[in-house]
Protein chains: 2
Amino acid sequence: MTQKITITDSTLRDGMHTVSHQFSPADMAEIARALDQAGMDLIEIGHGDGLAGSSYQYGFSSASDTDYLKAVCDVVKQAKVTVLLLPGIGTKKDLQAAAEIGAKAVRVATHVTEADISEQHIKIAKELGLFTVGFLMMAHMEEPEKIVEQARKMESYGADVVYVTDSAGALLPDGVRARVSALRNAVNIPIGFHAHNNLGVAVGNTLAALAEGATFVDGSLRGMGAGAGNAQTEVMVAALNKQGYLTNCDLSKLIRAAEDIVAPKMSRPQIIDSVALILGYAGVYSSFFLHAKRAAERFGVDALTILEELGKRRIVGGQEDQIIDVAYELSQKQALVR
Amino acid sequence: MTQKITITDSTLRDGMHTVSHQFSPADMAEIARALDQAGMDLIEIGHGDGLAGSSYQYGFSSASDTDYLKAVCDVVKQAKVTVLLLPGIGTKKDLQAAAEIGAKAVRVATHVTEADISEQHIKIAKELGLFTVGFLMMAHMEEPEKIVEQARKMESYGADVVYVTDSAGALLPDGVRARVSALRNAVNIPIGFHAHNNLGVAVGNTLAALAEGATFVDGSLRGMGAGAGNAQTEVMVAALNKQGYLTNCDLSKLIRAAEDIVAPKMSRPQIIDSVALILGYAGVYSSFFLHAKRAAERFGVDALTILEELGKRRIVGGQEDQIIDVAYELSQKQALVR
């Protein structure tokens, strides 16, 4: 219980989704300074979709990666300024530029079955002297054995830590425990856990991950993040303190940063609305929601039922055509029952 | 895992705190109808502090107990319309009146160490033919053995169910497990759990309670409730479905009720702000917050540290004078360190 836990705050990266990537470099600097002064270990910054995420496809951020990094590196004294890299969106060149400006850590993120594509970037990150995290996203979609196989790959490429990333907020504590404990017995590097709150268990899942031996966890102030948001940093740290874990964070300072600096900059509160809940429940990509809603209207079936079925079939991005198939099949079944 | 779980929705009672007790009887009827049609088992209604809660001390609700009950009983077809009774606030007479109008269940609530004072009201409730719940509030303040002793009293008075009530949202899953499992082995009536979300674990704690054998749990739509609110009913039911528990609730209908009916009536979103977090962390009454803040300013110490110390000393309502003592002592210690 006196294990030291390393915390990454993602208010300035995952939280960018909540403000449509519109934090200014000055906003970032102000929040990063407060996090740094509160003892945060890693401060992740940038567009919500990572380096080079600013685009027509993912939405434009209000400034460039370079401008954000310069603003934050200027004020952060002790924390590791961290960037996210999704191979296919960000490139080697983007990572090199980030390191030059002053990034000290990178999270290389792939779909949970695609650790292969992280090899090049993890190796480059290590060459650049960066603290390098392997980030296995949509971890609810695969069983522990599969995640072990993928995590071992990231470890073999040189990752310093490997994360179980519950991108859809679709895991419950039992599922988190199964995944983290499997990894704990299979790799020699520390295990991390990144929660989303779609099922209301971001903090509960984080505690479950820690109980199984994870030592890296993520949060964001006021819970800012994609979907229903992340574990709320200040709340998570309060829970960790209460549970007897050690962290480098000063809870009072985090609470003040959340209330006095972050809250006034939020354009909407981070709550669990129907869309976020349904996506976490079905465990599908958020982009499926509108498709499912349209198909539901067209075929006179329930959107939630379509999304549940898509989750069961483990449909991923690029297979959107199957949404129509599922809606049609459900409408046929409905007709039979009537 | 195929255990049937009985759910009480408290949007219209605990949730009244979020709207300063200002739901109108028409609001209540509209929400209660939606909950009833979604299969809710018990629908708790009325002033946030229960029968006769409307007062200078606790704030006036926009209508009387009678008007709320009439409006709700008129539209509810299958759920048990439920009232809360805090002996000392509500009386025997209030309970009789509620039963006459059509209440089918009552929760008789006392501080976790004061089950004694529920005897008369539990017995009257049973005589009136009401489904009767014993509600042990501020359950984080006592160890499992003490709670067992108090629950046995409520069982002996005739309660149909006994609840572990985490009024301050101060418990973590381990604390919930310890309390529920102790009760499970000590009483013969079903065990309930009522969560608050101050530490972000309302749903996580509810799952922990169920895993230990609780079969009654509470929620409110959009999480409406005192402090950081309750377990969010629609989110909790999604988590229960996903975990394999059976309920009478239709998730789609709950989601629609939350989004289309409740959300537009909320004057503020239910989030975990600094006050709610600090109170859950310290495990003290919400009314202590302003006192602590004032004392902090007066003695130049940290309000969070004062509240933590009050929590450690297990100060309860009526002992507010100790807040000054604690602040003074802390300031003396601080002076020594400097």
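**Exercise 1.** Which hand, left-handed or right-handed, does the crossing of α1(A) and α2(A) have? Describe the contact between these helices.

*Solution.* The structure is a predicted model.

Step 1. Locate the helices: α1 spans residues 25–37 of chain A and α2 spans residues 65–75 of chain A. Their axes come within 8 Å and cross at roughly 35°.

Step 2. Assign the hand: the crossing of α1(A) and α2(A) is right-handed.

Step 3. List the residues that meet. From α1(A) come Pro25(A), Met28(A), Ala29(A), Ala32(A), Arg33(A) and Asp36(A); from α2(A) come Asp67(A), Tyr68(A), Ala71(A), Val72(A) and Val75(A).

Step 4. Sort them by class: the contact holds eight nonpolar and three charged residues, and no polar ones.

**Exercise 2.** Determine whether Ile122(A) is buried or exposed, and name its contacts.

*Solution.* 

Step 1. Ile122(A) lies in helix α4, residues 119–127 of chain A.

Step 2. The relative accessibility of Ile122(A) is 0%. Buried means under 20%, so Ile122(A) is buried.

Step 3. With neighbours within four places in sequence left aside, Ile122(A) touches Val108(A), Thr132(A), Met154(A), Tyr157(A), Gly158(A) and Ala159(A).

**Exercise 3.** Classify the exposure of Ser24(A) and find its contacts.

*Solution.* 

Step 1. Ser24(A) sits in the loop that joins β1 (6–12) to α1 of chain A.

Step 2. Apart from neighbours within four places in sequence, Ser24(A) is in contact with Ser62(A) and Tyr68(A). Tyr68(A) also belongs to the α2(A) residues that meet α1(A).

Conventions: Residues numbered from 1 in each chain as written. Chains lettered and ligands numbered in written order. Predicted model: local features only at pLDDT ≥ 70, side-chain atom pairs only at ≥ 80, totals over all residues. Heavy atoms only, no water. Axes fitted to C-alpha atoms, helices over the stretch in contact; angles between N-to-C directions. Helix = DSSP H or I, 4+ residues; strand = E, 2+ residues; numbered from the N terminus. Left-handed = near helix turned anticlockwise from the far one by under 90°. Contact = heavy atoms within 4.5 Å. Nonpolar A, V, L, I, M, F, W, Y, C, P; charged D, E, K, R; others polar. Buried < 20%, exposed > 50% of the residue type's maximum accessible area, 1.4 Å probe, protein only.
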